[in-house]
Amino acid sequence: MSGATPAPVARDWSTPLELLGLGMVWGASFLFMRIAVPDFGPYALVEVRLLLGALVLMPFLWRARALFPARRWLWLAPIGLINSALPFVLFAWAAQRAPAAIGAICNAMTVLFAALVGYLFFGEKIGPRRALALLVGFSGVVVLATAKVSGLAIGTAVAAGTVAALLYGVGANLVRRHMSGLPPAASAAATLGCAALWMLPMALNHWPRQPVSAASWASAIALGIVCTGLAFLVFYRLIGRVGPSRAATVTYLIPLFGALFAWLFLGEPVTLQMLLAGGLILGSVAVSQKG
């Protein structure tokens, strides 16, 4: 019998590092919206974001174009509206009226809304643990909606962010049922492209009349290329490597980085009520995701 000790297995750091990087990038997206939306307005900003994100992913769609016959687009077009165009506009609209952390916290409700929509409309079981998590998460939204930041009420921004998260939840269920088997990056390019077409008339009608600052352009470009196009690539690679449940843990990081970046770069306050609401929402998401 050999007395040799087995060599230690090297820990795979790529997954936690990619999750951390993705959380930072998607947390930064709320900072970029906050910077760019005063110059662009929500419609034009979202159009720039969608177009750039679709262009980054377009090579994947071109390579898989044989898998996208005309009948596929009957679902891709409405999914692009529900899962990208409308929530992006709602989050940008909220960014005009509240600190960046507010949208980032509301975004965490997506996981809970996906479970709720699956239960109400698609016959999925929700279970007592997820039902309790939904109640706790909604209590966090109520706490957040009644908060005041620098003396200003933020209820309308919270409502917009919550509806955006609900639309993400609806979109997640539609994607699961009508886009399974398609290459994810190509599907993302298709839905982002459709969303850009949906938004084009509103964007042209509301295109800024005044010159847009360099900081706003830089933020819009980062939002489209990095936070949408490249981030989708990383996220889908994570799903392929570790599965959707583990990849979804990035949801916990987005509000933390959203609040941190807004505080560091914009000096936006993080109040006790925001921390309490964020804790309730993130806690409910953690409970709902527990195996």
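1. Basis. This is a predicted model, in which local features need pLDDT of at least 70, side-chain atom pairs count only at pLDDT 80 or more, and totals for chains, interfaces and linings use all residues. Residues are numbered from 1 along each chain as its sequence is written, and side-chain values use heavy atoms, with hydrogens and water left out.

2. Helix α1. Helix α1 covers residues 14–40; helices here are DSSP runs (H or I, at least four residues), numbered from the N terminus. With 27 residues, α1 reaches 36 Å from its first C-alpha to its last, close to the 39 Å expected at 1.5 Å a residue. The expected span is 1.5 Å times one less than the number of residues. At R34 the helix α1 bends by about 30°, and the proline P38 follows within four residues. That bend is the angle between axes fitted to the seven residues ending at a residue and the seven starting there. Just after α1, G41 has a positive phi of about 80°.

3. T15. This residue lies in α1 and is buried, with a relative accessible area of 4%. Buried means under 20% relative accessible area (1.4 Å probe, protein chains only). Leaving out residues up to four places away in sequence, T15 touches L238, R241, V242 and R246; contact means heavy atoms within 4.5 Å.

4. G137. Helix α6 (residues 127–145) holds G137, which is buried at a relative accessible area of 0%. The C-alpha atoms of G137 and L280 are separated by 5.9 Å, although the two residues are 143 residues apart along the chain. L280 is also among the contacts of G137, together with M109, L112, I281 and S284, again not counting residues up to four places away in sequence.

5. Helix α4. Eight of the eight residues of α4 are buried, so the helix is largely enclosed by the rest of the structure. They are A100, A101, I102, G103, A104, I105, C106 and N107.

6. The cavity. On a 1 Å grid over the protein atoms alone, a cavity is a set of points where a 1.4 Å probe fits but cannot get out, whereas a pocket is an open set with protein on both sides within 12 Å along at least five of seven lines; lining residues have an atom within 4 Å of a point. The structure holds one cavity of 30 Å³ or more, and the largest cavity has a volume of about 60 Å³. Volume is the space filled by probe spheres set on grid points, which are joined across faces, edges and corners. Its lining includes F30, M33, F91 and I102. The elements that give two or more residues to this lining are α1, α3 (73–95) and α4 (100–107).

7. The largest pocket. About 1,400 Å³ of space lies in the largest pocket. Of its 41 lining residues, T110, Y168, A172, F235 and I239 lie nearest its centre. Elements that give two or more residues to the lining include α1, α7 (155–178) and α9 (214–242).

8. The second largest pocket. This one has a volume of about 190 Å³. Among its lining residues are I105, P255, W263, M274 and L282. The elements that give two or more residues to the lining are α11 (253–266) and α12 (272–289).

Definitions and conventions. Buried means under 20% relative accessible area, exposed over 50%, partly exposed in between (1.4 Å probe, protein chains only).
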